[in-house]
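Q: I would like to learn how to read the features of a model such as this one. Please take them one at a time, with the general idea before the case.

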Amino acid sequence: MPNIAIVGATGVVGQEFLKILAERKFPVDELRLLATKRSSGSRISWQGKEIEVQETTNQSFQGIDIALFAGGSASTEYAPAAVQSGAVVIDNSSAFRLNPDVPLVVPEVNPEDVKWHKGIIANPNCSTIIMVVALKPLEALSRIKRIVVSTYQAVSGAGKEGIIELEEQVKSWSNGKKITDIDTFPYQIAFNLIPRIDVFQEGDYTKEEWKMVKETQKIFHRDDLRVTATCVRVPVFRSHCESINIETEKKLTIDQVKAAFAQAPGVILKDDSAKDIYPMPLDSSNRDEVLVGRIREDQTIDQGINLWIAGDQIRKGAATNAVQIAELLL
Ligand code: 2RA
């Protein structure tokens, strides 16, 4: 059985790794929990064992077969040492995603890319993962020419601090106090929407928006795929939603699209307008499937489809996807 390390074990994604390894009965001999110096020393119980969290150093990876990196600056700092020690790194940060020597993998979409790794396999950004899982069955019916996506991203996408900030602001508001605790997000997030996630980059698109463009092209092996995105933070604790418009090469009927979703791995079709059924973040939270609904023809073009999707960005958008990659390695 493999020895597994989790780097960033005390954060939101790190904690989810622990849950998912247990849930999926992933075979583990030793589980090594690593974090920053500040978070080291605490004890976490996993599968009936108490494991002490150790500080991550370049020496932390001796004897480790697979290292799951939860994200952040630890990846650039320690992934090379982990690879040198003989571990395969599955990395949830954005550091290596667009590196041509690093596969970027979503098991439902491009599992074959795992084979050419040279020590590091990148986990895509949460919003990208959720979108490509939903679009894969449609790309199989007809090449997608263009994607226009708007995201509605939960505060937990920004980690524990994002959750705390929304909680504190809602508490202040309900106690009749002025909301002053604005720190993680650029503006008050309670009862607001913020159309800026991560930093502004080329063309006034944000880094999050460019991730959706570049990562989608890499995962689908389609540099010609046109993608444009608007990413928005919403006052929801968990699960990202996305409004997606696609233009396809061939005409797809709504029946064809629904039939494809009904059979697609990792997707649940939740679409019945007569019964008021469509995906919402409360439904997609704490599960691995991407929920798809509000499927309509785009009446402004000949071959266009509109969709609305919801997916748990901590599970399928991060930890579950990484553990599924580890399963492919086994
Ligand atoms: C977010 N992109 O801010 C992050 C999560 N990976 O939602």
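Q: Which residues does Leu68 touch, not counting residues up to four places away in sequence?

A: Two residues are in contact if their C-beta atoms, placed from the backbone, lie within 7 Å. By that rule Leu68 touches Ile4, Ile6, Phe17, Ile90, Ala322 and Ala326, leaving out residues up to four places away in sequence. Note that this is a predicted model, where local features need pLDDT of at least 70, side-chain atom pairs count only at pLDDT 80 or more, and totals for chains, interfaces and linings use all residues. Residues are numbered from 1 along each chain as its sequence is written.

Q: How do I read a nonpolar core, and which residues touch the most other members of the largest one?

A: In soluble globular proteins, nonpolar side chains tend to be buried together. A nonpolar core is a set of buried Ala, Val, Leu, Ile, Met, Phe, Trp, Tyr and Cys residues joined through C-beta atoms within 7 Å. A residue is buried if 20 or more other C-beta atoms lie within 10 Å of its own, exposed if 12 or fewer, and partly exposed in between. Here the largest core has 83 residues, and those touching the most other members are Ile6, Phe17, Ala67, Leu68, Ile90, Ala134 and Ile309. Helix H3 (residues 126–141) supplies the largest share of this core, nine residues; helices (H or I, at least four residues) and strands (E, at least two) are DSSP runs, numbered from the N terminus. At least three residues of this core come from each of domain 1 (4–123 + 318–329) and domain 2 (128–313). A second, separate core of seven residues includes Ala154, Val155, Leu166 and Val236.

Q: How far apart do the C-alpha centres of domain 1 and domain 2 lie?

A: Domain bounds come from an automatic or database domain assignment. The C-alpha centres of domain 1 and domain 2 are 25 Å apart. In the contact between them, 13 residues of domain 1 meet 16 residues of domain 2. On the domain 1 side, helix H8 (residues 315–329) gives the largest share, three residues. That side divides by class into six nonpolar, five polar and two charged residues. Ala, Val, Leu, Ile, Met, Phe, Trp, Tyr, Cys and Pro count as nonpolar, Asp, Glu, Lys and Arg as charged, and the others, Gly among them, as polar.

Q: Which residues are around the ligand?

A: A residue is near a molecule if its C-beta atom, placed from the backbone, lies within 6 Å of it. The shell here is made of Asn125, Cys126, Gln153, Gly157, Ala158, Ile197, Glu208 and Gln313. By class, this shell has three nonpolar, four polar and one charged residue.

Q: Which residues does UniProt list for "binding site"?

A: UniProt annotations may be inferred rather than shown by experiment. The unreviewed UniProt entry lists Gln153 and Arg233 under "binding site". They span 81 residues in sequence, yet no two of their C-alpha atoms are more than 4.7 Å apart, so they gather at one spot. Gln153 is in strand E9 (residues 144–153), and Arg233 is in strand E10 (residues 226–233).

Q: Is Gln153 buried or exposed?

A: Gln153 counts as buried because it has 26 C-beta neighbours inside 10 Å. Arg233 is buried too, with 27 other C-beta atoms within 10 Å. Beyond four places in sequence, the contacts of Gln153 include Ile197 and Arg233. Those of Arg233 include Gln153, Val155 and Ile197.
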